[in-house]
Amino acid sequence: MKQAHKQPRRRYGQHFLHDKHVIRKIINAIEPRSGGPIIEIGPGRGALTRPLLAQTQRLHVVEIDRQLADRLKQDQQFADKLTVHQADALAFDFTSLHKEKIKIVGNLPYQISTPLLFHLLRQLAVIEEMVFMLQRELVERICAQPNCKDYGRLTVMLQSRCRAAKLFTIAPNAFTPPPKVDSALLRLIPDHPTAAEISHPVLFEEIVKSAFTHRRKTLRNALGKLVNASHFEQASIAPGARAENLSVQDFITLANTVHSHK
């Protein structure tokens, strides 16, 4: 696939990966030979697309930039293996692509990373694994543990459904143009054992969101409309604690307790 020299577009937050050593490390982490269809979000100039196509039977890419999508469609080298979807990943239905489990990978623009991860959380039934380049600070938030400032709503929602691991850090000079912050590679594997313990996913998400929306308040005050004193007592959770003090399991226990009394 011929390298495109299109200038990055600021509104899409484009930072094109070019470091060959980093590309090899990412491809090794993705393990494209392990089987199953792969979906790449934001292929850009094709830095990951080309080595992925060399090792897979079928690759789908989702690219919002029409010019980049058209260049990928016009390339004939891998035409029989590549399907290009010119679409916004935030609105894309990943469940429509395959009946079997899919692996989703990509270099995600910083400004859509969090909403896209929540979008993918709603489609985990078809996802086997996700490997993403993200802002390092976001990866550290996702992998955070309780009782620290990085621990938040996204942490709890992802760790309740997935096993999360930071694989390695990527310096700004690996991209064109270089971003102002470090990036990191994140692996997310759905079907975490705790997912099956959540009795009412909608209520669980509502409690987590409310707790962290008012994270400086005590849980008693932040969750006053959802959780009463008896719920805290039965779940063995101190109402004077704050959201960041609760483990993922604590949130599940609290939400299940509330649900059992509705």
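In what order do the strands of the open sheet stand, and is the pairing mixed or of one kind? The legends below take this up view by view.

**View 1. The open sheet of the predicted model.** Seven strands make up the sheet, in the order β4-β3-β2-β5-β6-β9-β7, and the pairing is mixed. β4 (82–86) and β7 (162–170) stand at the edges. Each has a single partner strand, so one side of each lacks a neighbour in the sheet. From one strand to the next, the twist averages 20°. Strands here are DSSP runs of E, at least two residues long, and helices are runs of H or I, at least four residues long; both are numbered from the N terminus. Two strands pair if DSSP finds at least two bridges between them. Strands of a sheet pair through backbone hydrogen bonds, either parallel or antiparallel.

View 2. Ile 170 stands opposite Ser 183 in β9.

**View 3. Helices α1 and α4 across the sheet strands.** Helix α1 (residues 20–30) lies across β2 (38–41), β5 (102–107), β6 (127–135), β7 and β9. Helix α1 runs at about 165° to β7. Helix α4 (residues 113–121) lies across β2, β5, β6 and β9, at about 175° to β6. Angles run from 0 to 180 degrees between N-to-C directions, with axes fitted to C-alpha atoms, for helices over the stretch in contact. Contact means heavy atoms within 4.5 Å.

**View 4. Ala 91 in the loop between β4 and β5.** Ala 91 has 64% relative accessibility and therefore counts as exposed. The classes are buried (under 20% relative accessible area), exposed (over 50%) and partly exposed in between, with a 1.4 Å probe and protein chains only. Ala 91 and Leu 116 are 25 residues apart in sequence. Their C-alpha atoms are 8.9 Å apart in space.

**View 5. The whole protein chain, for orientation.** The chain has 10 helices and nine strands. Its C-alpha atoms fill a box of roughly 65 × 40 × 30 Å, taken along the principal axes. Of the 262 residues, 51% count as buried. Among contacts between residues at least 6 apart in sequence, 67% join residues at least 24 apart.

**Notes.** Residues are numbered from 1 along each chain as its sequence is written, and side-chain values use heavy atoms, without hydrogens or water. In this predicted model, local features need pLDDT of at least 70 and side-chain atom pairs count only at pLDDT 80 or more, while totals for chains, interfaces and linings use all residues.
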